[in-house]
Amino acid sequence: SNQATRRAAMRGLCLLVLALLAAAAPRVDGAGAVTGGGVSQILSGTVNSLLSCIGQSIEPKPLTEIKAQLHVDKARLEVIANAMASEMQSGLNRNSDSSLKMLPSHLTGSPNGQEKGDFLALDLGGTNFRVLKVTLQGDGKYAVDAGKFKVEESTMTGPGKDLFAFIAQKIKERVPEAVDAPEPLPMGFTFSFPVEQPTLDSGTLVHWTKGFTCSGVEGQDVVAMLKKAIADEKLNIKVTALVNDTPGTMLAGAYTDPSVCAGLILGTGTNLCYLEKVARAPKLQATSAVHKLPSVVTWNQSPHLGGSLHHIINMEWGNFGAGPSHDALPWSAYDAIVDKKSPNPGAQLFEKMISGMYLGEIARLAVTDLIAKDACFQGQAPKVFLTPGEFNTELMAFIEGSSSASQIQERLKQHGVAEASQRDCAVLKSVCTAVSTRAARISAAGIAAIARRIGRVSDCNVAVDGTVFLKYPHFSERMSAALREMLGKGSGVRFTTASDGSGVGAALAAATVV
């Protein structure tokens with residue numbers, strides 16, 4: 001290998017220098033004076049430096065083993081893609097046990113970039129919510145005027161009617177022109193909590209997450225509760241669409257580039273949606289006609305849901321691997337630990353291998369393993385590697401993006417690591433690269449499965465948002481490289497950045513029903 005060749009060359013150079021050392025060694029002349037030695041001292045220092053370099057270049061065996069454990073070759077990528085394709089079809093059937101929920105979004109198409117008008121959007125997904133005024137200007141252009149408001153803990157844990165009343169009051173502050181407006185103002189509502197959604201403009205909260213525990217909301221239609229609070233404030237606003245942020249990302253991307261056929265979130269969490277043919281999705285089709293023998297009409301005109309040919313499917317792909325596809329994923333010892341110690345063991349397994357919430361923890365576990373084997377940090381684990389969650393993906397990204405050991409050393413000092421050798425930094429960076437490369441490659445395998453399913457291998461434009469894809473060093477390039485590896489050099493999968501799917505996307509969802 002190239003590395004072995006470099007090592008041999010370094011050792012040969014050291015032997016040459018040692019020979020020079022012997023020739024330049026200090027000698028005693030006939031008068032008893034010592035001659036030479038100056039060159040010897042210089043060469044001695046050179047040898048020490050060269051030996052140090054050799055030590056730096058030799059990769060510790062435990063690191064080589066960890067990298068092998070995290071490596072995902074093309075054959076494994078194909079296993080993942082095939083398993084995902086199988087689970088996708090299963091999830092689109094009725095009464096499926098697939099790990100992919102394949103949820104209907106009730107959105108039957110994408111914008112073409114020519115939509116115009118003024119729309120409102122409400123984005124509630126955590127301790128802050130936003131009220132946005134979105135002006136669609138046509139030609140893929142839009143303007144946004146957003147207001148952000150904090151939800152106090154007392155409101156997050158109080159009666160649900162108080163939460164929606166508070167939201168309606170803030171909408172009134174931001175949109176005073178809605179009070180007794182002559183025409184209803186359309187609004188899209190991004191509600192980033194688990195809901196069952198029977199129609200585009202309704203959704204029942206399954207359970208609260210993210211610290212919310214408001215009473216009287218679980219099991220209720222959140223759109224109906226919002227509508228009542230809006231009416232109490234005498235606001236003439238019509239909530240026309242309830243959306244998840246992933247379809248919202250796809251809509252936002254499609255407005256600027258109508259060729260978009262899928263939407264990807266790859267940040268703290270991950271999800272994907274895409275445009276599916278209704279004819280290939282039994283769960284989207286209305287019940288069969290009552291005729292015992294199919295007539296020409298019922299045979300050729302399947303009674304599809306809403307009569308649409310296409311439907312945006314929210315895959316909830318983070319849960320891939322939780323069912324029959326469990327063994328398709330490239331499990332390492334560290335993945336098993338991450339899953340076991342998570343709040344939801346056995347669920348969201350794909351997400352736990354590729355998303356920002358977990359990558360840092362996988363890397364931390366690998367480093368602690370190396371420390372235990374005396375492969376770095378002199379066998380003594382700094383605190384940042386002993387505390388779960390302390391070595392996060394943001395720190396991991398910094399290390400991988402650093403151009404020198406000194407940059408890594410300075411950053412580690414901020415996390416209590418007083419001493420880190422160049423070798424430690426090199427090992428640490430190597431682990432981060434192995435973990436993130438695996439995540440990028442198996443993410444690409446999922447994208448390949450979608451591109452093949454919808455017949456868009458040569459032209460698949462994916463709208464994407466999320467800090468891992470957009471900001472993690474080399475992540476998007478590694479995804480694209482893996483896609484070319486799987487789909488050939490003619491792979492037409494490309495990515496379009498779509499910011500603010502939860503805001504602009506919600507407004508665009510409202511625009512689709514006006």
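Cys 273 is buried, at a relative accessible area of 0%, where buried means under 20% relative accessible area, exposed over 50% and partly exposed in between (1.4 Å probe, protein chains only). Cys 376, at 4% relative accessibility, also counts as buried. Cys 273 is in no disulfide, and the nearest cysteine sulfur, that of Cys 261, lies 10.0 Å away. A disulfide is taken as a pair of cysteine sulfur atoms within 2.5 Å, and by this rule the count is zero.

The model is predicted: local features need pLDDT of at least 70, side-chain atom pairs count only at pLDDT 80 or more, and totals for chains, interfaces and linings use all residues. Residues are numbered from 1 along each chain as its sequence is written, and side-chain values use heavy atoms, with hydrogens and water left out.

**Overall composition**

The chain holds 18 helices and 15 strands; helices (H or I, at least four residues) and strands (E, at least two) are DSSP runs, numbered from the N terminus. Of its 514 residues, 48% count as buried. Contact means heavy atoms within 4.5 Å. Among contacts between residues at least 6 apart in sequence, 71% join residues at least 24 apart.

**Nonpolar cores**

A nonpolar core is a set of buried Ala, Val, Leu, Ile, Met, Phe, Trp, Tyr and Cys residues joined through side-chain atoms within 4.5 Å. The largest has 88 residues, of which Met 84, Tyr 274, Met 315, Trp 317 and Phe 391 touch the most other members. Helix H15 (residues 422–453) supplies the largest share of this core, 17 residues. A second, separate core of 35 residues includes Leu 124, Phe 129, Leu 163 and Val 239. Leaving aside residues up to four places away in sequence, Met 315 touches, among others, Met 84, Cys 273, Tyr 274 and Ile 450.

**Strand pairing**

Two strands pair if DSSP finds at least two bridges between them.

Strand E13 (residues 310–314) is mostly covered, since four of its five residues are buried. E13 pairs with E3 (residues 103–104) and with E12 (residues 270–277).

| Strands | Sense | Bridges | A bridge pair |
|---|---|---|---|
| E4 (116–124) and E7 (185–191) | parallel | five | Leu 120 and Met 187 |
| E4 and E5 (128–138) | antiparallel | nine | Lys 116 and Gln 137 |
| E3 (103–104) and E13 | antiparallel | two | Pro 104 and Ile 313 |
| E12 (270–277) and E13 | antiparallel | five | Leu 275 and Ile 312 |

Leu 124, a member of the second core, has Phe 191 as its bridge partner in E7.

**Helix H6**

Helix H6 (residues 160–174) has 15 residues and reaches 22 Å from its first C-alpha to its last, close to the expected 21 Å. The expected span is 1.5 Å times one less than the number of residues. Buried residues of H6 include Leu 163, Phe 164, Ile 167, Lys 170 and Ile 171. An α-helix has 3.6 residues a turn, so residues three or four places apart point the same way.
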